[in-house]
Amino acid sequence: MAEHPAYPVGLRLSGRRAVVVGGGQVAQRRLPALIAAGADIVLISPEATPSVEAMADAGEIAWVRRGYQDGDLAGAWYALVASSDADANTRASAEAERHRVWCVRSDDADEATAWTPATGHSEGVTVAVLTRNPHDRDPRHVAAVRDAIVAGLHDGTLVVPQHDRARTPGVALVGGGPGDPDLITVRGRRLLAEADVVIADRLGPRDLLAELPSHVEVIDAAKIPYGRYMAQEAINAALIEHAAQGKAVVRLKGGDPFVFGRGMEEVQALAEAGIPCTVVPGISSSISVPGAVGIPVTHRGVAHEFTVVSGHVAPDDERSLVDWAALARLTGTLVILMGVDKIGKIAEALVAHGRPPQTPVALVQEGTTAAQRRVDATLATVAETVRTEDVRPPAVIIVGEVVRVGPEPTA
Ligand SMILES: C[S@@+](CC[C@H](N)C(=O)[O-])C[C@H]1O[C@@H](n2cnc3c(N)ncnc32)[C@H](O)[C@@H]1O
């Protein structure tokens, strides 16, 4: 028989009965989308996987705990037949045919009256990929096509013409992660791909800027002339000025925008100017940079807390807001950002207030980038080590026993 291709359609199942026969792996994979579609789901099966059982316990599906019986498809708009009982599958799909119920069969695509596409979602659209003929295409190929389309839409490599796209208006404050371009979020990457103007810090995934199309204006935040303003005010003014011209502006920041990133100052300035602003979290260097060199910020039986602290002013500086004496009494992990210059005084204060001088310390410079470097010391030796090893910012400094729990580096 000549194969006609399937006719693609989107079923609106909200409040409509869908019957699923069989509670195994196929049901487990397909049920979440049926639940998301709001279908009134009845599962017919003597047993179910723990995940399917959890859906029944949560009231997301009604579970009839027995094998299929003729008449089970009464009132159904849609059926998924996927039990391990071949005879029950055949009888259920025959009932579906008799009552004109569209029926997917996991065990026999030829007997099915409907096929399930591989689906994914991006930017408010659903991508559904169907094979033209289930016999000449490996289902993994169909899933791979779906994955390629969805990934391309997410990361901006599949470019949708601007006028068709729902662009995020105003400014997106995007946490770019610690430096490795792969460590930005999917949403951050998509917003970057949509941007007309990108105002970027020195820290963060600089490599991503090189990928931007030539029409995108990339502004180095450190080079914005600020004249009579403070540098931050000049950045705020630049964000407002470009967004007010109707451009899609991305403010790309290192790590997470709200971890020593002055992100909220920018959010406030934009709110005052009436410019819409969206904030995209990022992977903070405070956790990811230690992790990149095999240091966990917590470890069972070793550290039950970690404290992230800025070391940009010395403990004896009157501007310091940090209670170093209290931090010295903690037994867990201390993660110090912006602390290279002042680490000598910080280590002195920690020891003076009771932290043992032999406490291990690791300094990780330019973590997650090609220039990543780790230097080890103790509270007693760290000031000298920073000098002799010429450790420079940006670096994350980790203080505590977690520094020693990972396996020795193999290389
Ligand atoms: C102004 S703070 C910004 C922190 C950022 N918002 C975050 O969540 O990671 C800058 C400090 O973060 C740390 N830092 C950021 N990226 C780093 C990296 N790739 N390697 C080492 N330290 C980094 C350094 O301590 C640097 O001085």
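# Reading exposure, backbone and ligand contacts

Reader: Is R100 buried or exposed, and how do I read that?

Author: R100 counts as exposed because its relative accessibility is 72%. The cut-offs: buried means under 20% relative accessible area, exposed means over 50%, and partly exposed lies in between (1.4 Å probe, protein chains only). One caution: this is a predicted model, where local features need pLDDT of at least 70, side-chain atom pairs count only at pLDDT 80 or more, and totals for chains, interfaces and linings use all residues. Residues are numbered from 1 along each chain as its sequence is written, and side-chain values use heavy atoms, with hydrogens and water left out.

Reader: Where does R100 sit, and what is its phi?

Author: Helices (H or I, at least four residues) and strands (E, at least two) are DSSP runs, numbered from the N terminus. R100 falls in the loop between α3 (86–98) and β5 (102–105). Its phi is near 60°, a positive value in a residue other than glycine.

Reader: What does R262 show in phi and accessibility?

Author: R262 has a positive phi of about 60°, although it is not a glycine. Its loop runs between β11 (249–253) and α8 (263–272). R262 has a relative accessible area of 46%, so it is partly exposed.

Reader: Which peptide bond is cis, with omega near 0°?

Author: The bond from P393 to P394. P394 lies in the loop between α12 (382–388) and β17.

Reader: On to the ligand. Which residues come nearest?

Author: A residue is near a molecule if one of its heavy atoms lies within 4 Å of it. The ligand has 18 residues around it, and P178, V259, S285, G367 and A395 come nearest. Two elements, α9 (285–292) and β17 (395–399), each supply at least two residues of the shell.

Reader: How many shell residues fall in each class?

Author: Ala, Val, Leu, Ile, Met, Phe, Trp, Tyr, Cys and Pro count as nonpolar; Asp, Glu, Lys and Arg as charged; the others, Gly among them, as polar. The shell has 11 nonpolar, 5 polar and 2 charged residues.

Reader: What about S320 and G339: buried or exposed?

Author: S320 counts as buried because its relative accessibility is 17%. Its place is the loop between β13 (306–310) and α10 (324–329). The S320 side chain reaches the backbone nitrogen of V322 at 3.3 Å. G339 has 0% relative accessibility, so it counts as buried. G339 is in the loop between β14 (333–337) and α11 (343–352). G339 and V313 are 26 residues apart in sequence and 8.0 Å apart, C-alpha to C-alpha.

Reader: And where is R29?

Author: R29 is in helix α1 (residues 25–36). It counts as exposed because its relative accessibility is 58%.

Methods: A polar contact is a pair of N or O atoms within 3.5 Å; within protein, one must be able to donate a hydrogen and the other to accept it, and residues adjacent in sequence count only if both atoms are side-chain atoms.
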